Amino acid sequence: MLKLAKCLLAFGAPSHRIESQLATASQILDARASFVHIPNIIIVTFGDEDMTSVETHFVKANGRIALTALQGVHIVYRKVLHDKMTVEEGTKRLASILSAPPIYSLLVRCLLAFVCGSTICVLAFGGSVIDMWISGVCAFVLQYLGLNTATKSATYANVYEISIAIIVSFVARALGTIPGRLFCYNAIASAGVVLILPGFTILISALELTSRNILCGSVRMVYAIIYTLFLGFGLTIGSDLYLVLNKHARHNLDKAEAERYTMYHGTFHAENGTSPVPGGAIFGFAQTNDPHMVNGCYREPSWPWWRKELPWWTLFFLVPAYSLCSSLSNLQRLRSWQLLVMVVFACCAFVANRLSNNYLPGKSDIISASGALVIGVLGNVYSRVMRGTAFTAMVTGVLFLVPSGIGQGGGLLSSDETSSTQQYSAGLQLAIRIIEVAIGITVGLFVSQIFVYALGRRKNAAHFAF
């Protein structure tokens, strides 16, 4: 039981299901154990409640999604509970899974992050071909610092996210202020930090709150909101830092913004037209809905193809590529049937998301709910019919819905705020957009379970899905 609790925490199992999975295993194996789950810790108590002495263990692990390892844990869990494997053999299998090194090296995982950052730049944030290369490099550096430097230094780990946000925003602003609008600041900055967005944390907290797990859900939700404020503040610091260091950058930025205004010079006249009002006037008209703006990026139709948004038919290549690399970066083994299932489910969720956006633009919660409904039905049917692991098959598609929903809401940065109050308000608005997407995904996932599990016999083991 302790090994199982350690594996579920270490490999990113759905936290709102952990207590029920452990309680089901304890009941079937007659272990007489009770469990309390708080973030990153499981308290396990062995013994009869009527006895005066009990044995209490604290299991602690910092979880990160590892799809292949998590699927192996589920296979062992299911075989032991169905008497297809002894408890001793299952314990040895879990111990070997825990002690196994990551299936990919540091360089491979950084290269996968490069592909994910590049593709999501054009898929969700309206980036061009040259923008996607810059955002890919930013994602590469982000992954390297997170897997190498942050794990070796506890001091740097505390400021890892803020430092990455500052670096990415600094680079994006430096390129975005080049005359001619060659690069898009919004696309590069948003895609460069998309790998550290707390979308999955907010999703898990929403699922926990829906499952009446008030303690874990509220703690994760508050942490994710404050984390988003730190992230937005880091992006603002990086942008303002470059504008302070480069005096010409502010002038180029203001000049680019001034192109959206049309100025007219004239004088006032009375209604009878005989007594003009002395003095001249300048009228300024701003075009709020600029047809050349795509997700915060300015794109003129006369520009060459490498400076514009990619055509729609490139989605047939980019969506599977992102789904594949996202699954591999979450430590899914390349040669496995499960990988193909993940990519197919993620593509289906993206199609549902895109179709819903065409009919309901601006409704990020409903759009995310439609995509989550599709992937939830597919995942639960796959678990019910094919006896697969629903959670690992669905997680890639669910993670795909988070940046897609944020991109449809305008990206991470909607405008260049100047005052500190406006900066914090922008960060809070970003957190609210992520919460809207997470709530939509939560509703879609729970409704999909109603469709699949409303009828049929009761499962003997706990449900291993979202």
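Helices (H or I, at least four residues) and strands (E, at least two) here are DSSP runs, numbered from the N terminus. We're looking at a predicted model, where local features need pLDDT of at least 70, side-chain atom pairs count only at pLDDT 80 or more, and totals for chains, interfaces and linings use all residues. Residue numbers start from 1 along each chain as its sequence is written, and side-chain values use heavy atoms, leaving out hydrogens and water.

**View A. An open sheet built from 3 strands.** The order is β1-β2-β3, with antiparallel pairing; two strands pair if DSSP finds at least two bridges between them. At the edges sit β1 (33–38) and β3 (55–60), each pairing on one side only. Neighbouring strands are turned by 15° against each other on average, direction ignored. β2 (residues 41–46) and β3 share 6 bridges, and V44 stands opposite H57 in β3.

**View B. Two helices lying across the strands.** Helix α1 (residues 2–10) lies across β1, β2 and β3, at about 25° to β3. Helix α2 (residues 15–29) lies across β1 and β2, at about 170° to β1. Contact means heavy atoms within 4.5 Å; axes are lines fitted to C-alpha atoms, for helices over the stretch in contact, and angles run from 0 to 180 degrees between N-to-C directions.

**View C. Helix α6 against helix α8.** The axes of α6 (residues 129–152) and α8 (residues 160–176) come within 11 Å and cross at roughly 160°. The two are therefore roughly antiparallel (over 145 degrees;). On the α6 side, the contact uses I134, C138, L142, L145, G146 and A150; α8 brings Y160, I164, V168, V171 and L175.

Conventions: Parallel < 35°, antiparallel > 145°, perpendicular 65-115°, else oblique.
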